[in-house]
Amino acid sequence: MTRRVYLDHNASTPVHPDVVAEMLPYFGERFGNPSSVHGFGREARAGVDLARERIARFMKVPADEVVFTSGGTESDNMALKGLAFARGKGHLITSRIEHHAVLRAAQWLETQGFTVTYVGVDEHGMVDPDEVKRAIRPDTIGISIMHANSEAGTIQPVAAIGALARERGIPFHVDAVQTFGKLDFDVNACGIDLLSFSAHKIYGPKGVAGFWIRKGIKVQAVQHGGEHERRRRAGTENVPAIVGFGKAVEIRGRDMKAEHERLTGLRDRLWEGIRARVPDVRLNGHPTERLPGTANLSYRGVESESIVLGLDLKGIGVSAGSACTAGSVEPSYVLVAMGLPLDWAMGAVRHSLGRSTTVEDIDYVIESVEPIVRKLRAAMPVGAA
Ligand SMILES: Cc1ncc(COP(=O)(O)O)c(C=O)c1O
């Protein structure tokens, strides 16, 4: 049987067995609607309440500031549209390397009369807080900068940007979908007012996420209906998923630090191993300020899709560009924003490691990639690289 190695944890993660166990009763005997006043409803409500408390404890924030949503995408939409429509008009600042959930929400807001500045990044994929500072205007109503990019993994200087935002009283949203439960950070110390985070990146189920809103920050609801989530997000709660999310966060609180060190070691082993065997390869993203499990490598002159398919035949799952845009032959907009030349950007492959990744897995990937790249290069027309 072909060995199977999953190195696409930034796209999604397998649900932790303890999370599955915690969810199961909520598909069965605890099926009630948490808004119902009877015992069946109260059981479901208790599950939702516990999840909210676990997340709030992990974040060191009051539980009533945490809202459950259907995904990081919805949380990001709530942040941008919620901030914009609570004020009616004004200017937003974000970056060119945000997830599409932020970028496309911002672009849509431009069609509704709001103005947006998209700050750039340096060659490591990092936003310069001074550029954010220069972009601030008297009518700036919000700043949204992601904590870490899913492709390059570069960790942004959110504390410096948060300090700027706080000085000027501008609400600061951070898309922490790729860092929540992976990096130890404090929303208060970083001056963050709104945070998006998602369950399926941290061994929780898909289709459930969190949106944290600091008390006093005005955000217009995007979805209207019943009284759920203190009228901030209408709709019957996805109880089993929320319960699983709470458990996943509790587990991360326990495992995060040790996992950070282990994954950093494996990530560096992968890069060192490949660089020693394959010529014309580079590491994209910041050399040190990078997600512990993320290694985005570019093979010059080779199409990344071909490498992904070659590795797939060996049972290895990696991604070319971000998962959300996989299948497209366009170079990644993130790598283009970082100024990567086209012949490098087209050959970018993201490896994202997780809790099941072993040293043997990494060594297998290193061994597998070298002949694939060699054959692809040999098949190319002379001078094409
Ligand atoms: C930085 C970032 N924001 C938002 C999202 C969207 O989250 P979800 O898949 O939960 O909608 C992702 C997913 O890859 C992401 O990486």
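Biologist: Where is the place of Glu229?
Modeller: Glu229 sits in helix α7, residues 228-231. Helices here are DSSP runs of H or I with at least four residues, strands are E runs of at least two, and both are numbered from the N terminus. Residues are numbered from 1 along each chain as its sequence is written, and the model is predicted. Local features need pLDDT of at least 70, side-chain atom pairs count only at pLDDT 80 or more, totals for chains, interfaces and linings use all residues, and side-chain values use heavy atoms, with hydrogens and water left out.

Biologist: What is the phi of Glu229?
Modeller: Positive, about 50°, although Glu229 is not a glycine. Most residues other than glycine have a negative phi. Arg230 also lies in helix α7, and its phi is positive too, near 55°.

Biologist: And is Glu229 buried or exposed?
Modeller: Glu229 counts as buried at 7% relative accessibility. Arg230 is exposed, with a relative accessible area of 57%. The cut-offs are under 20% relative accessible area for buried, over 50% for exposed and partly exposed in between, using a 1.4 Å probe and protein chains only.

Biologist: Switching topic: which residues does Trp344 touch?
Modeller: Leaving out residues up to four places away in sequence, Trp344 touches Asp280, Val281, Arg282, Ser298, Tyr299 and Arg300. Contact here means heavy atoms within 4.5 Å. Trp344 belongs to helix α11, residues 342-345, and is buried, at 15% relative accessible area. Its C-alpha atom is 9.6 Å from that of Ser304, 40 residues apart along the chain.

Biologist: Nice. Which residues of β6 are buried?
Modeller: In strand β6, residues 172-175, Phe172 and Val174 are buried on one side, and His173 and Asp175 are buried on the other. In a regular strand the side chains alternate between the two faces of the sheet.

Biologist: How many bridges join β5 to β6?
Modeller: Two, and the strands run parallel, with β5 covering residues 140-144. Strands pair if DSSP finds at least two bridges between them. His173 in β6 is the bridge partner of Ser144.

Biologist: Zooming out, how many helices and strands does the protein have?
Modeller: There are twelve helices and twelve strands. The radius of gyration is 21 Å, close to the 21 Å that the globule rule gives for 385 residues, so the protein is as compact as a globular protein of that length. That radius is taken over C-alpha atoms, and the rule is 2.2 Å times the number of residues to the power 0.38.

Biologist: How much of the protein counts as buried?
Modeller: Of its 385 residues, 56% do.
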